[in-house]
Amino acid sequence: MKKLLLALISMLLCLSLVACSSNDDNVTDGENDKTVYKVGMVCIGDDNAAYDRNFYMAADEAKKILAEKGIDIEWSYTYNHPAGDPVTDDCIELAEDGAIAVFLNSYGMEPAMLKVAADYPNTVFAALTNEGSKSDDLANTVNAFPSIYEGRYLAGIVAGAKLQDMIDNGEISEDEAILGYVGAYTYSEVVSGYTAFYLGAKSVCPSAKMLVQFIGSWGDPAKENDAAQALIDQHAVIVSQHSDSTTPATCAQQNGVYHVGYNISMSTPEIAPEASLVSSRIDWTNYFVYVIETIVNGGTVVQDYMGHGLKDGDIVLTEINEKLVPANTKDLVNAAYDAIVSGTLNVFDTSAFTIGGQELTTSLVDMNCDFVGDEGYDAVFDGCYHESYFKSAPAFAERIDGITLLNEAFE
């Protein structure tokens with residue numbers, strides 16, 4: 001249901017999926033008699049986490065863009081609730097407060113959300129970086145996951161350019177071209193990301209090798225620091241990460257090695273200006289605008305927001321730290337960007353890697369829905385593994401040659 005933008009008219013519209021749920025709470029009587037739509041976000045962390053800061057930046061930008069379109073919104077946040085009953089309670093609180101949409105910003109929140117989504121059919125619940133909502137039987141639940149592996153690949157090119165430059169300048173040997181990667185869990189999301197990063201680096205520095213250390217958490221500053229240190233102790237000269245804080249960057253700087261970040265720029269003066277080369281990130285601005293504008297206009301939000309990456313501006317790199325990288329780095333990145341966008345480069349080209357010395361010829365994607373069956377879909381065709389092709393959530397989980405996992409204890 002949606003309250004129309006007329007100060008003295010109140011009427012309820014019966015809409016299907018994600019029809020706009022503007023309760024009376026969404027109307028504020030200001031000087032201009034504007035309707036202000038409430039929107040909520042359930043956050044795994046808070047402003048101390050780089051991961052969450054990335055979402056807040058997108059939320060602020062979306063608010064500005066929507067205002068230019070004549071749609072005024074007010075964000076409400078809940079913090080530090082990664083899963084379980086607190087997430088369920090957050091969803092109830094935000095829906096009861098009149099939110100027309102509630103975004104959940106991390107994997108693992110979706111099961112708690114699904115417990116109560118049916119009770120609030122006029123609120124759209126969007127589970128970000130999740131995948132179950134695309135196949136449930138609820139009309140008001142959706143999920144989204146832009147193609148971050150494309151950004152990881154470009155960030156890997158920056159790392160590879162630095163490695164090759166260090167080799168060419170005699171700073172390291174080819175055998176010492178070692179990348180380190182702080183990984184959260186052994187989920188396909190993380191595997192897809194670190195593999196894409198490595199393939200990007202290897203495309204520029206063929207001798208590159210990579211070590212991965214898992215921490216068993218999406219974000220834990222102390223564990224992230226310890227993992228980065230362990231990688232550096234194993235002779236990694238560049239450290240990257242799929243984890244939520246900035247401690248891998250500061251650890252790299254303290255040890256005199258280099259770093260590639262995630263979610264926000266980590267080459268800023270307060271983090272690691274002498275170490276961090278670049279960061280990749282998902283820019284959620286477009287998705288926030290799309291969902292909110294669709295609801296307000298009485299439309300239907302797509303169940304699974306897939307296929308959105310570099311070409312749509314949903315995946316971006318932060319500014320490259322030019323004082324630390326070779327002069328040709330931007331040209332290398334731009335060339336790969338153009339090739340990915342045009343479709344002439346696939347990140348998971350099966351000729352670019354091997355598994356046990358063999359080229360990958362088949363790989364089944366678990367669709368996480370009953371109607372597909374246990375066999376799933378084969379993502380390998382036309383010489384490539386087609387990531388995020390059958391669903392938005394990453395599915396690549398292969399262990400390719402050149403990457404060594406230092407631990408596998410965390411699932």
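This is a predicted model: local features need pLDDT of at least 70, side-chain atom pairs count only at pLDDT 80 or more; totals for chains, interfaces and linings use all residues.

Student: Why is C205 called buried?

Tutor: Buried means under 20% relative accessible area, exposed over 50%, and partly exposed in between, with a 1.4 Å probe and protein chains only. C205 has a relative accessible area of 0%, so C205 is buried. C251, at 1% relative accessibility, therefore counts as buried too.

Student: How many disulfides does a search of the whole structure find?

Tutor: The search finds 0 disulfides. A disulfide here is a pair of cysteine sulfur atoms within 2.5 Å.

Student: Which residues does K162 touch?

Tutor: Not counting residues up to four places away in sequence, K162 touches I238, Y258, L277, L324 and P326, where contact means heavy atoms within 4.5 Å. K162 and L324 are 162 residues apart in sequence, yet 8.1 Å apart in space, C-alpha to C-alpha.

Student: What makes a set of residues a nonpolar core?

Tutor: The members are buried Ala, Val, Leu, Ile, Met, Phe, Trp, Tyr and Cys residues joined through side-chain atoms within 4.5 Å. The largest such core has 114 residues, and F103, Y194, Y287, F288 and I292 have the most contacts inside it. Helix α4 gives the most to this core, with 12 residues. Beyond its neighbours within four places in sequence, I292 is in contact with V39, L66, I71, I73, W75, I100 and F103. Another core, of 20 residues, lies apart from the largest one and includes V182, A228, M266 and A275.

Student: Why is one space called a cavity and another a pocket?

Tutor: On a 1 Å grid over the protein atoms alone, a cavity is a set of points where a 1.4 Å probe fits but cannot get out, whereas a pocket is an open set with protein on both sides within 12 Å along at least five of seven lines; lining residues have an atom within 4 Å of a point. Grid points are joined across faces, edges and corners, and a volume is the space filled by probe spheres set on the points. The structure holds 2 cavities of 30 Å³ or more.

Student: What is the volume of the second largest cavity, and which residues line it?

Tutor: Its volume is about 40 Å³, and its lining consists of I148, Y149, R152, E189, S192, G193, H242 and P394. The largest cavity holds about 150 Å³ of space. Among its 16 lining residues, Y51, T129, E189, H242 and Y262 are the closest to its centre.

Student: Which residues lie nearest the centre of the largest pocket?

Tutor: They are Y149, E150, I340, L345 and N346, out of 21 lining residues. About 430 Å³ of space lies in this largest pocket.

Definitions and conventions
Residues are numbered from 1 along each chain as its sequence is written. Side-chain values use heavy atoms; hydrogens and water are left out. Helices (H or I, at least four residues) and strands (E, at least two) are DSSP runs, numbered from the N terminus.
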